[in-house]
Amino acid sequence: MDSRRKLQLAYNVLIKDFSDIIREIIVHKDRPVLEATFQNEIILHIRYNDYGEYTYCVIYSPNPDDQMRFDNYDDRWDVKTRPHHFLELPHPKG
C-alpha cells in the first residue's frame with residue numbers, strides 16, 4: 001500500500017474516532033505527512049513512505065524536547081524494539 005493510501009486511512013480513523021477533540025487536520029500535498037492539532041494544542045504528525053517506513057511524532061508544547069516519537073526508520077540506535085522503537089525525549093522540567 002502506498003504512503004498516500006496509508007495517510008488517507010489514518011485520516012479516516014482520526015476523523016471517525018477523534019473529530020470531537022481535533023481542531024485541525026491536514027494532509028500535506030507536497031510530502032506524505034498528516035498533521036493533526038488537537039483542542040489541547042497537542043500536535044500529532046504521521047509520516048509514511050512507499051518503502052514500508054513510518055514515524056509517528058506527538059508534540060506536547062513548543063519546547064523542542066517536549067515530544068515523543070515512534071518509528072521504524074532508524075537502525076543506528078541500540079534498542080530492544082528495533083526496528084519499531086520508541087524515543088521519548090526528556091522533559092525539560094525533569
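Reply: Two salt bridges turn up when the whole structure is searched, a salt bridge being a side-chain nitrogen of Lys or Arg within 4 Å of a carboxyl oxygen of Asp or Glu. The model is a predicted one, in which local features need pLDDT of at least 70 and side-chain atom pairs count only at pLDDT 80 or more, while totals for chains, interfaces and linings use all residues. Residues are numbered from 1 along each chain as its sequence is written, and side-chain values use heavy atoms, with hydrogens and water left out.

One of the salt bridges joins Arg-23 to Glu-41, with the closest N and O atoms 2.8 Å apart. This pair connects distant parts of the chain: Arg-23 lies in strand β1 and Glu-41 in the loop between β2 and β3, 18 residues apart. (Strands, E, of at least two residues and helices, H or I, of at least four are DSSP runs, numbered from the N terminus.) Arg-23 counts as partly exposed because its relative accessibility is 45%, and Glu-41 is also partly exposed, at 47%. (Buried is under 20% relative accessible area, exposed is over 50%, and partly exposed is in between, with a 1.4 Å probe and protein chains only.)

The other salt bridge is between the side chains of Asp-17 and Lys-16, at 3.4 Å from N to O. Lys-16 has a relative accessible area of 67% and is therefore exposed, whereas Asp-17, at 41%, is partly exposed.

β1 pairs with strand β2 (residues 33-38) in the antiparallel sense, over five bridges; pairing requires at least two DSSP bridges between the strands. The two strands form a hairpin, with five residues between them. Within this pairing, Glu-24 has Thr-37 of β2 as its bridge partner.

The loop between α1 (3-18) and β1 (22-27) contains Ile-21, which is partly exposed because its relative accessibility is 38%.

With a relative accessibility of 16%, Asn-49 counts as buried. Its side chain reaches the backbone nitrogen of Tyr-51 at 2.8 Å and that of Gly-52 at 3.5 Å. (A polar contact is a pair of N or O atoms within 3.5 Å; within protein, one must be able to donate a hydrogen and the other to accept it, and residues adjacent in sequence count only if both atoms are side-chain atoms.)

Last, the rings. Rings of Phe, Tyr and Trp (its six-membered ring) pair when their centres lie within 6.5 Å; planes under 30 degrees apart are stacked, over 60 edge-to-face, and the rest tilted. The count comes to four aromatic pairs. Among them, Tyr-48 and Tyr-56 have ring centres 6.1 Å apart and planes at 85 degrees, so this pair is edge-to-face. Tyr-48 is buried at 12% relative accessibility, and Tyr-56 is partly exposed at 29%. The rings of Tyr-54 and Phe-70 are stacked because their planes are at 25 degrees, with centres 6.2 Å apart. That pair links distant parts of the chain, strand β4 for Tyr-54 and strand β5 (residues 67-71) for Phe-70, 16 residues apart. Ring pairs link Tyr-48, Tyr-54, Tyr-56 and Phe-70 into a cluster.
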